[in-house]
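Here are a few friendly notes to read alongside the structure. Take them one at a time, and find each place in the viewer as you go.

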Amino acid sequence: MSEDKVVKKKKSKIVFFIVMAIAEVIVLGVIFSYAYVLKQYAKIQRPEYNQEQVINTDLSEKKLAEMRGYRNIAIFGVDSRDSSVGKGNRSDVIIICSIDQVTKEIKLVSVYRDTYLNIGSNSYQKCNHAYSYGGPAQAVKMLNDNLDLNITDYITFNWKAVATAINILGGVDVEITKPEFKYINSYITETVKGTGIGSVQLKAPGMHHLDGVQAVAYARLRYMDTDYQRTERQRLIIELAFEKAKKADLKTLNDLLGNMLSMVATNLTWQDGLDVINDFGRYKLGETEGFPVSFEDMRLGTKGFIVVPTNLESNVLQLHKFLFGDEDYAVSSKVKKYGEKISSDTGYYKEGDSVKRVKTSGGYKSDDKDGETRKRSTTE
């Protein structure tokens with residue numbers, strides 16, 4: 001064999017081994033990346049949840065067809081002192097997240113936690129009891145039955161998850177009013193104790209760059225106004241965090257994945273996550289609203305302070321108009337039946353005035369001490 005052929009043969013072997021080494025590194029990288037994602041995915045808590053049990057069988061085929069154009073997800077925030085996110089925790093946050101599958105516009109509706117609804121087994125209570133009694137399945141079923149929805153997916157988080165996420169995203173900018181400042185530092189102290197995450201107290205009202213604990217404390221404020229204003233604050237924090245997440249780099253999003261998932265429960269799958277990631281840049285946050293839109297509040301015996309939809313049927317009509325643009329929706333017989341029971345229990349039959357957005361820290365605060373029934377003006 002000539003010397004040139006020997007040299008060429010040696011070179012071809014070297015090239016072959018280099019190519020094989022590069023291929024091996026790529027394959028190992030893919031395997032390790034896949035294993036890492038699997039490890040993170042495995043952190044998600046999976047409380048008992050039978051999707052078949054939450055499906056609403058009382059909706060017409062026409063209504064079901066209309067809602068197929070939207071991805072509806074129930075979001076619950078539980079006030080747990082540990083990492084638990086299942087049954088036994090009351091859901092202080094109840095949000096319906098509706099995503100238009102074509103435009104990718106997201107609408108959020110906060111359901112007031114004290115809303116008087118049928119939470120299951122013909123038991124009428126504050127709606128946040130449903131999660132405590134039966135976990136995510138009973139809470140989703142409660143939303144479907146009372147509001148003529150057919151939600152099958154849910155996400156539950158605790159306050160530590162929110163504080164962790166906002167810290168990773170670098171904080172959010174919020175203006176703190178004087179009434180809010182009066183109470184926020186006590187909430188910061190409580191949230192530090194509950195989450196184990198460090199923070200500092202604010203020194204004055206005004207514009208602040210809030211860390212995770214401070215943002216959670218802000219979202220939990222209600223003593224200077226009401227739960228209606230508190231849901232406004234919660235949606236504001238979600239909006240600000242969402243916008244920061246859209247602008248975040250891959251490392252930041254990876255940190256979110258690695259640190260938050262153990263504090264989250266959901267029935268969403270791996271493929272659901274991939275679908276969200278693929279379209280994340282197209283998502284845009286649209287209007288937000290509270291439910292019920294028209295209401296009264298009162299004390300009802302041992303059930304305490306409740307929010308009364310006035311009436312349930314008209315509020316469900318408003319909800320479907322807001323979420324799906326349905327001007328001519330006819331509520332189900334189930335909603336009518338529930339509405340009649342709510343009116344009978346509370347004495348409120350007529351449709352109330354509508355409440356749009358409520359100014360934070362400027363609303364009505366209950367000072368009812370004698371337990372007597374009290375009406376509330378629903379005009380802003």
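This is a predicted model: local features need pLDDT of at least 70, side-chain atom pairs count only at pLDDT 80 or more; totals for chains, interfaces and linings use all residues.

1. Begin with strands S2 and S3, which form a hairpin with four residues between them. Strand S2 covers residues 91–100, and its pairing with S3 is antiparallel, over five bridges. To see how they line up, look for isoleucine 96, which stands opposite valine 109 in S3.

2. Now look at the other partner of this note, strand S10 (residues 284–291), which pairs with S3 in the parallel sense over six bridges. One place to check is serine 110, whose bridge partner in S10 is glycine 290.

3. Why is S3 described as largely enclosed by the rest of the structure? Six of the seven residues in this strand (residues 105–111) are buried, so the description follows from that count. For burial, the cut-off is under 20% relative accessible area.

4. Return to the loop between S2 and S3, where lysine 104 is found. Its phi is near 65 degrees, a positive value in a residue other than glycine. That deserves a second look because most residues other than glycine have a negative phi. Lysine 104 is also buried, with a relative accessible area of 7%.

5. Is aspartate 148 buried or exposed? The relative accessible area is 0%, so aspartate 148 counts as buried.

6. Helix H5 (residues 159–169) is mostly covered, with eight of its eleven residues buried. Among them are Trp159, Ile166 and Leu169. After H5 comes glycine 170, with a positive phi near 95 degrees.

7. Lastly, please check two peptide bonds. Phenylalanine 291 and proline 292 are joined by a cis peptide bond, with omega about 0 degrees; proline 292 lies in the loop between S10 and strand S11 (295–299). Threonine 310 and asparagine 311 are also joined by a cis peptide bond, with omega about -15 degrees. Asparagine 311 lies in the loop between strand S12 (305–309) and helix H11 (312–324).

Technical notes
Residues are numbered from 1 along each chain as its sequence is written. Side-chain values use heavy atoms; hydrogens and water are left out. Buried means under 20% relative accessible area, exposed over 50%, partly exposed in between (1.4 Å probe, protein chains only). Helices (H or I, at least four residues) and strands (E, at least two) are DSSP runs, numbered from the N terminus. Two strands pair if DSSP finds at least two bridges between them.
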